[in-house]
Amino acid sequence: MDEEAASRDHVGSLERGLAVMEILARHSSGMTLTEMAEEAGLTRAGARRFLLTLVASGYATQDGRMFSLSPRLLTVARTWLGGGSLWSFAAPIMRTVAAQLNEACSAAILSGQDVVYVARIPGRRILSVSLDIGTRLPAYCTSMGRMLLAGLAPEDLDKFLRQATIEKRTPKTITDIRPLAEAIGKAKANGFVIVDEELELGLRSIAVPIRDRAGSTVAAINVSTQSARFSVAEMEREILPALLEARQRIEDFFVV
């Protein structure tokens, strides 16, 4: 396709509208019209048209002077992640992990205060928690949730910790904000996290992040097991290498 033909097929207004959505995505607490115009390099009138179009189409919300993305975009993302090409690509890799360890291997994305399961290969051993694609679990006390929270911008993590409903699921559940923030920070520094019986007694899990080409955390994968099967040290020694290898193969999706 020559340059002139490519120019005819290029919809500049759509490109600018998508850029506005990406900017909103980086500011989960919302933006004013003036802030958007400045960051997007638009006139106030242009920024206003794009923002109001997103509001009218349901992809953004307006609260006074503040504009924010709406959950509709998450629905689109979940549709793609839940049944789309990424998890079709990842499923055989996760199946290999599950077969190698005889344990369940799952993937999830962050949605509000919860993680949403987008892929799951069950293990041979039955856990009392029933988990399927679409299952929601609290992010603060699950391994994939901690890993996904570790991928948030600092201001977004602060907002989560201020607003999240945090309750004691087991005697081991971390509910105090400062230790929870420290656990999330440790997950970010280590590149993996083990959650030991905080969601349910007898259940341990280990998770690693899935990152796109830009280095943003888009999902997490984990292996969950009964605490009698693996100690915390054994999970790091025996399960983590398999998860890291699977993570690398899944991330290759973003560069093909």
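**Figure 1. Surface and overall make-up of the chain.** The accessible surface of the chain comes to about 13400 Å². Carbon and sulfur atoms account for 52% of that surface. The model is predicted. The chain has 256 residues, and 44% of them count as buried. Its secondary structure comes to ten helices and eight strands. Among contacts in the chain with a separation of 6 or more, 58% join residues 24 or more positions apart.

**Figure 2. The largest nonpolar core.** In soluble globular proteins, nonpolar side chains tend to be buried together. The largest nonpolar core here has 32 residues. W87, M94, I206, I221, V223, I239 and I250 have the most contacts inside this core. Two or more residues come from each of these elements: α6 (85-101), β3 (104-111), β4 (114-121), β7 (203-211), β8 (217-226) and α10 (232-251). Helix α6 gives the most, with eight residues.

Figure 3. I239 is one of the residues with the most contacts inside the largest nonpolar core. Which residues does I239 touch, leaving aside its neighbours within four places in sequence? I239 is in contact with L101, I206, V223, F230 and E234. Another core, of 25 residues, lies apart from the largest one. Its members include L137, F160, V195 and L199.

**Figure 4. The second largest pocket.** About 220 Å³ of space lies in this pocket. Its lining consists of R146, A183, K186, A187, N190, F192, V193, I194, D196, V232 and E236. Two or more of the lining residues come from each of α9 (177-190), β6 (193-196) and α10. Helix α9 gives the most to the lining, with four residues. By type, the lining divides into six nonpolar, one polar and four charged residues.

**Figure 5. N102, a loop residue with positive phi.** Most residues other than glycine have a negative phi. N102 has a positive phi, near 60°. This residue is found in the loop between α6 and β3. Is N102 buried or partly exposed? N102 counts as partly exposed because its relative accessibility is 23%, and buried means under 20%.

**Figure 6. E197, another loop residue with positive phi.** Phi of E197 is also positive, near 60°. E197 lies in the loop between β6 and β7. Its relative accessibility is 11%, so E197 counts as buried.

How values were computed. Residues numbered from 1 in each chain as written. Predicted model: local features only at pLDDT ≥ 70, side-chain atom pairs only at ≥ 80, totals over all residues. Heavy atoms only, no water. Core = buried A, V, L, I, M, F, W, Y, C linked by side-chain atoms within 4.5 Å. Buried < 20%, exposed > 50% of the residue type's maximum accessible area, 1.4 Å probe, protein only. Contact = heavy atoms within 4.5 Å. Areas by Shrake-Rupley, 256 points an atom, 1.4 Å probe, with all protein chains shown as cover. 1 Å grid on protein atoms, 1.4 Å probe; cavity = no way out; pocket = protein on both sides within 12 Å on 5 of 7 lines; lining within 4 Å. Points joined across faces, edges and corners; volume = space filled by probe spheres on them. Nonpolar A, V, L, I, M, F, W, Y, C, P; charged D, E, K, R; others polar.
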